[in-house]
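Reader: Could we go through the fold of this chain together? I would like to begin with the helices and then turn to the sheet.

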Amino acid sequence: MSRRASSADDDAAVRTRHAGRPVRRRRGDEGSAVVEFLGVALLLLVPVVYLVLVLGRMQAAAFAVDGAAREGARGFVTAETAQSAAPRAVTAVALALEDQGIDPAVAPEALTITCSTTPCLTPGGSVTATVEVEIPLPGVPGFLQGSVPLSIPVSATASATVDTYVAGR
């Protein structure tokens, strides 16, 4: 029952035994599983990699605005004079944004300061800093602006209390 395949059979097909019968397989399908795997992997992998990039960028922006709001409020309440408080807060926000790769030039527009008392640096008063920035989505071309958002707003708010043991400024 055992027979040896000739060289002509080797070129045309491969013979194996399955349930006692010879089975012929065509050689034209060899390697197609690799191509199919690569096609499916690319279709799934590219969106997942983009999602990871976007989520990483949004997380960095969330860290940046949270730290910027906290440092902006702290910089404002620790200023020596009321005139130096706002520029000091803007500088603190710019540094915090720059640490996470966000353009520090947006700091003056991104920062909003509100005070619970007038004047702002009244001992025991509360100062609230809100930082809001627009983070561009990576890889989205400008011509898609009508159907896809090109940026996502990220904001954070922090409060700080003016020291009660400091004379009014």
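**Helices and sheet**

Author: This is a predicted model. Helix α2, residues 32-77, lies across β3, β4 and β5.

Reader: At what angle does α2 run to β5?

Author: Helix α2 runs at about 30° to β5.

Reader: And which strands does α3 lie across?

Author: Helix α3, which spans residues 82-99, lies across β3 and β4. Its direction is at about 135° to β3.

Reader: Turning to the sheet, what is the order of its strands?

Author: The order is β3-β4-β5 in an open sheet of three strands, and the pairing is antiparallel. At the edges are β3 (111-115) and β5 (151-161), each of which pairs on one side only. From one strand to the next, the twist averages 15°.

Reader: How many bridges join β3 to β4?

Author: Five bridges join β3 to β4, the strand of residues 126-136, and the two run antiparallel. As one example, Ile113 has Ala129 in β4 as its bridge partner.

Reader: Through what do strands of a sheet pair in general?

Author: They pair through backbone hydrogen bonds, in either a parallel or an antiparallel manner.

Reader: A change of topic: where is Ala62 found?

Author: Ala62 is found in helix α2.

Reader: What separates the C-alpha atoms of Ala62 and Glu132?

Author: A distance of 9.9 Å separates them, and the two residues are 70 residues apart along the chain.

How values were computed. Residues numbered from 1 in each chain as written. Predicted model: local features only at pLDDT ≥ 70, side-chain atom pairs only at ≥ 80, totals over all residues. Heavy atoms only, no water. Pairing = 2+ DSSP bridges. Helix = DSSP H or I, 4+ residues; strand = E, 2+ residues; numbered from the N terminus. Axes fitted to C-alpha atoms, helices over the stretch in contact; angles between N-to-C directions. Contact = heavy atoms within 4.5 Å.
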